[in-house]
Amino acid sequence: MGKITGFMEFQRQEESYLPPATRLKNYAEFVIPLTNEQAKVQGARCMDCGIPFCNNGCPVNNIIPDWNDLVYRGNYREALDTLHSTNNFPEFTGRICPAPCESACTLGISEDPVGIKSIEHKIIDEGWEHGWVVPQPPSKQTGKKVAVVGSGPAGLAAAQQLARAGHAVTVFEKADRVGGLLRYGIPDFKMEKSHIDRRVKQMEAEGVTFRTSVLIGKDFPANVNNWAKETIFPEDLQKDFDAVVLAGGSESPRDLPVPGRELKGVHFAMDFLPQQNKVNAGDKVKDQIKATGKHVVVIGGGDTGSDCVGTSNRHGAASVTQFELMPMPPEQENKSLVWPYWPTKLRTSSSHEEGCERDWAVATKRLEGKGGKVEKLIACRVEWKDGKMVEVPNSEFEMKADLVFLAMGFVSPVATILDAFAVDKDARGNAKATTDGDGCYKTSAAKVFAAGDMRRGQSLVVWAIREGRQCARAVDEFLMGSSELPR
C-alpha cells in the first residue's frame, strides 16, 4: 500500500508546466513529468483502501493501488505490466484523460487525492525509455479475418486485442494517418503524435494491417472531415471479413441555428483543429483558418472549446473569449454529496491560463457582419428556471468577433455509415448494441459489432479504450466460441 503512514505525511505533488510565454511559441507538449522521487512520494500516499473506489472510477478498471505500491518501491517494470493488463495505451490516458479515478480516490474525501494520472504518465514514460514496451505477436493464427472501421482509441484497442488473439486484423481509416480524433482532434501541445506512431509500429509488428484514406460507407456528409481516396461498400467488407467492428468517432457536430450562422468566419471546431495538426505534421493546408490578429469567440465550455482557445493563442489571436450556456459551476465541489462520482466544479485548463476571457450562462442570439463576413456576435444572459432556459430581461450585449468557433459537442456518429450497414440506432442516433449478456457489442447487422463513440456517443478516450477491449473479447467469442482475452 505504499508507505503505511504516507497519506498522513506527504502532500499531493502536481506535474508542472513550462511557463505560458515559452509554450505559446510552439505546439510541443509542455507538461514536466514527475521525477522518480516525486512519483515515489505520490505512490506512498496511496491508502490501499479495502474497497479501492479509484479502480471503479476508472472506466478501464486500472489496478491502481497495485501500481502505486510498485512505484513507491521503485519496481517500474512490474508496474508497467500491471498497467498494461487493463490499458493498452496509458501514454494517451496519462496525458489527456480527465482522471475520474482521482475524483473517486478515498483520500480525496478529506485531503487532495493521490496523483494517479501523474503516476500513470511516469510509468509508461519509463516503459518506453527502457525499451520494455515491445510487440506481443500471437503464438498461433486462427485463420479468421476482422475489419475494424476507425483508428481512434476504440478501434486501436480492439485491433490490438484481436491481433494478439491470433486473428488477421485490418484497420480502415478515412483520414490520411492513423489515430482518428487522437490524431486530428487533439492539439499536439496536449499530446504529440509520436505517441500514436510508435504504437502503430508495435501493432504492425503484432500483425495489424492499417489502410488509410479509405472510406467505408456511402454518401458521406460535407461537414465532417474526409480525406479518403478510396471507398469500400459495407457489403464488400462483410463479404471479405468474418467480423466487422465499427469504432468510428461521434463526428456529427452540434450546430448553432441562429441568424448569421452562414457568415464567413463561423466554423465548427473540427474544421479548425485538424488543420493545425496537419500543418504540424508538415502538410500544406489550403486556406487554413488562422486566428492571427483576430478577435476569437469560442462557443462551448468543454475540452474542445479549450483546445480552440489554446490553438488560437498560439496563432497570435488579438483576443479570445469563451462562452458557456450553463451557469458557472462552483469552484469546489461538495465532496460529501458527490464522492466518489465525477463532480461538477469549475475547471481551468492550461489553455485558459494562457489567455482567455470566460463567461457563463450566455446564449448567442445572432451573428452580424458585412460583405458576408462575421464581425460581431449578439448574445444575452440566461438563467435556468424549472429546468428551462429563460433570457434575462435587458441583458443583450454584443461582442466583436472576427472568428467564431462552434465547440458545443457532437450529437452522434455519422448516420450515413450506420445506415449503409443497416445497423439499428438508439434514440440518440448511436449504433444500438448492449454491453452485457449474450451478443454484447453486437449490432443488428450480421457479423457487425460497434464500440466506443459510435455505440455510446461522445465520451472520453478511456471509455473508448474500455469499449474497444470489451468488444474485442465479444468478437473473439463470436468467432471462436470462447475467449481468453480479458474483459
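Trp 384 counts as partly exposed, at 33% relative accessibility. In this predicted model, Trp 384 belongs to strand S15, which covers residues 373-385. Together with Leu 325, Met 326 and Met 389, Trp 384 forms a nonpolar patch on the surface. The accessible area of these four residues together is about 340 Å².

## Phe 397

Phe 397 lies in strand S17, residues 397-400. Its relative accessible area is 21%, and Phe 397 is therefore partly exposed, since the buried class is limited to values under 20%.

Leaving aside neighbours within four places in sequence, Phe 397 is in contact with Phe 323 and Val 362, and also with Leu 377, Ile 378, Ala 379, Cys 380 and Arg 381. Val 362 is 35 residues away from Phe 397 along the chain, and the C-alpha atoms of the two are separated by 10.0 Å.

In soluble globular proteins, nonpolar side chains tend to be buried together. The largest nonpolar core of this model has 65 residues, of which Ile 123, Val 245 and Val 475 touch the most other members. Helix H20, residues 461-480, gives the most to this core, contributing nine residues. Apart from this core lies another, of 23 residues, which includes Val 149, Ile 232, Leu 237 and Val 448.

For Val 475, the contacts beyond four places in sequence are Val 146, Leu 162, Ala 243, Val 245 and Phe 449.

Asn 87 is placed in the loop between helix H6 (76-84) and helix H7 (90-96). Asn 87 is buried, because its relative accessible area is 0%, whereas the buried class extends to anything under 20%.

The side chain of Asn 87 makes a polar contact with the side chain of Thr 93, at 3.0 Å. When neighbours within four places in sequence are left aside, Thr 93 is also one of the residues in contact with Asn 87, along with Val 60, Asn 62, Glu 120, Ile 465 and Arg 469.

## Packing of helix H3

Helix H3 spans residues 36-44, and its buried residues include Ala 39, Gln 42, Gly 43 and Ala 44. The buried residues of H3 pack against four helices: H1 (6-9), H5 (64-72), H6 and H9 (116-129).

Key: Residues numbered from 1 in each chain as written. Predicted model: local features only at pLDDT ≥ 70, side-chain atom pairs only at ≥ 80, totals over all residues. Heavy atoms only, no water. Helix = DSSP H or I, 4+ residues; strand = E, 2+ residues; numbered from the N terminus. Buried < 20%, exposed > 50% of the residue type's maximum accessible area, 1.4 Å probe, protein only. Polar contact = N/O pair within 3.5 Å; in protein donor to acceptor, adjacent residues only side chain to side chain. Contact = heavy atoms within 4.5 Å. Core = buried A, V, L, I, M, F, W, Y, C linked by side-chain atoms within 4.5 Å. Patch = residues over 30% accessible without salt bridge, like charges linked within 9 Å, V, L, I, M, F, W, Y side chains within 5 Å. Areas by Shrake-Rupley, 256 points an atom, 1.4 Å probe, with all protein chains shown as cover. Salt bridge = Lys/Arg side-chain N within 4 Å of Asp/Glu carboxyl O.
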